[in-house]
Each structure stands twice: as C-alpha cells, then as structure tokens.
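Have the coordinates open as you read.

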Amino acid sequence: MSALLTGAFLLPPVSATAAERAAPISTGAVFNNPKGSAAQQNAVKDHIITTINNTQSGRMIRSALYALKDQDYTDALVSAHRRGVTVRVVLDAKFKSDAATRNLISALGTDKSEGSWVHVCTTGAACIATGRSGMINHNKFFTFSRVGDAGEAEDVVIQTSANQTSLNTTKYWNNAYTVVGNTALYTAYRDYFNDLAAMTKNENYFTSGKVGTEKYYFFPQKTGDIVVSILDNLSCARSATVRVAAFALHRDAVAQKLRTLADQGCSVRIVYNDSNDVSKLSGHRNIALRRLSTADGYLVHSKYFLIEGDYAGHAGTKWTFTGSHNLDQSSLRDNDEAMLRIEGAGPHDAYRKNFDSMFAIATPVA
C-alpha cells in the first residue's frame, strides 16, 4: 500500500486547461507611481509591453501614439512583428526624428499595402483634426485582436494617459484602462484607428457610442463641449461628488461648470498640474483644489474625472471618464484624441483610490 501511495505522489501533475489558467490580461485599471519602486514606476509600461509580448503569431496589434521615445516599446513591437504578429502604428510627426521612432519605422516600413507598417501624421498637424496650426495626434491607445490562446482574451483595448517616454514612468502619474471582450468597443477603436491612418481630415470628427458598460468619444469636436454636457447630467440634489485629475485644466466652460455644481451643493475635488482657471475654482467651500506639480518635476499626467451620484436619471451611480483628452481647448478642437467612459463601482473605486493617493500629497491651493 505504501509503495502504491508513493508512486501516486510521483505522478506528474495534470496541466490546467486554458479555461482554468488565468487569462494573460483582464479588464481593469493600472496606475503607476513615479515616486515608488521600479515596478511601481513602470506599472503602466510593463502592463502594455507584457500584453504585446503575449500576442501570438497571426494576431494584430494597432496603436495610435503621440510620443514614442522609449526603445523598450519599439523592441516589443518589432519582436511581435518578427514572430508573425501584424503590427500597425499611427504616430504624430512631432517625434518622428527620435531614435525609438526611427527604429520602429525602419523595422516595420511605411508601405500600407504590407501587413505591418507605421504611418506618421501630417507634419505640424494631426491625422484627422484640421483647420488650425499646432494640431497633434495626441492619442495613446493600443488594440489587440487576441492576447494569449484562443478564447482567453479576445478584442482587447488599452486606453492610457501615458506617452511612451521615460518621463511618463519616472516623473509622471499615469493610468491605463483595459477592456477585454467588448467586440463593439474594439471595433469602434479599430475604425477610428483606420481613419487616423487614412488621414480622414475632419474638423468635426466627433464620434461617440455606448457599447455595453463602456462608451467611447473620439475627437476633435467643432462645437459644444462634451465634458460640460456630461457634467450637465449630474444632479446635486442629493450627495454627489466630482473628482478631477488633470494634467491641463484650461477650459473656462469646464471650470465654470464645476463651480456651478459646487454652488448647487456637489462636492468637487481637483488635483491638477497646470491651470488657467484657478481663480474660478478657488475660494469655494465645496471645491477642494490641489496642485501636483512640484519643483523636481513630479506631476499628474493622468486625464480623468470621476462622477459619483445621481447621473442622467440613474440614482447613486459611479462613472469614470479617462483617456488622452486634457481639459484644454486643444484637446477639444484641435487634436486627435480619445476618451473612454466606464460604468460601475469597481472601476470608479479603483480610480478614486488613485485620486486620493495623489490628492494626499498635492499642495492645497487657497
């Protein structure tokens, strides 16, 4: 009997099925901490590069980026291309002379009749936005047709606030949100990417759509202000809170709307890097304003706002809005940008925890 038992323990373990194994990527938020450990600094970067590395031959990666200066991203994308992944990248022209960008172009080429390629937007302009000078493709997103084995992680979108530079790990607070398995969202981002690559010039490209628990917004928007329209949906009749993490907060209409909400009894909490609207936002008992932009260069680079309360007829709900879209005029009118709305307590509370961490170390503004 003991010999039989011993033999049984020596049998090799039964391998887990694909369904039993943890998926290589899942829906949720990732945040970096530039003042933390190397792993904390690189959390967003490592999340994206690990996803690239887990994309198998025969799959497709698309990415629209503003600044590609980090060779690690280039190496991961080139390695994916060489193992048989189709890799397509749209880049703003501003950083086309940087080594990491040149190396990617050299490896993938620019011929869009091939499988993999790099497309660089119009010099001094965006890919889609038109009508003014100084426009940029400010996007920062990745899509993956599948990550890992079949059925593990299909139709993946990663929307981030981080540029692909060293400063965005060692000096800037950033976030990334991943959505797995929302085919309609993946398709919307794919179509937007294709319009960027096709240089579909349109000063009023603004497109939005609700897909499951997510909603996308693609810019530029010629008239109106979608952020003001979103905030118009919040009722302050009962307890409600707006939290804003802003690299740039320069849009007067947004600042005025935040103050109006505060006048109506909503709690407004803001952590920002730079703003022309401090005078509109300071000195109000319902607005807590703090700046995270210190002399040694650590700053909030995220671009998100959170809504908690009665929103658009939904009582006691929680919403997250994140992406590349700064609260400035350029992001609204002049740039190629993307913003993602996420419904539910889980994402909101993850972002709230990140917000509270930054708010705690930011400098109060009187």
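Strands (E, at least two residues) and helices (H or I, at least four) are DSSP runs, numbered from the N terminus. This is a predicted model: local features need pLDDT of at least 70, side-chain atom pairs count only at pLDDT 80 or more, and totals for chains, interfaces and linings use all residues. Residues are numbered from 1 along each chain as its sequence is written, and side-chain values use heavy atoms, leaving out hydrogens and water.

**S145**
- S145 sits in strand 5 (residues 140-146).
- S145 is buried, at 16% relative accessible area (buried is under 20%, exposed over 50%, partly exposed in between; 1.4 Å probe, protein chains only).
- Its side chain reaches the backbone nitrogen of M60 at 2.9 Å.

**Helix packing**
- The axes of helix 4 (residues 71-82) and helix 5 (residues 99-108) come within 9 Å and cross at roughly 10 degrees (axes are lines fitted to C-alpha atoms over the stretch in contact; angles run from 0 to 180 degrees between N-to-C directions).
- Helix 4 and helix 5 are therefore roughly parallel (angles under 35 degrees).

**Salt bridges**
- The structure holds 16 salt bridges (a side-chain nitrogen of Lys or Arg within 4 Å of a carboxyl oxygen of Asp or Glu).
- D72 pairs with K45, with the closest N and O atoms 2.6 Å apart. D72 lies in helix 4 and K45 in helix 3 (residues 43-53), 27 residues apart.
- D72 is partly exposed at 38%, whereas K45 is buried at 11%.
- D225 and R251 form a salt bridge at 2.7 Å, N to O. Both D225 and R251 are buried.
- R243, E308, K318, D349, R352 and D356 form a salt-bridge network.

Technical notes: Parallel < 35°, antiparallel > 145°, perpendicular 65-115°, else oblique. Polar contact = N/O pair within 3.5 Å; in protein donor to acceptor, adjacent residues only side chain to side chain.
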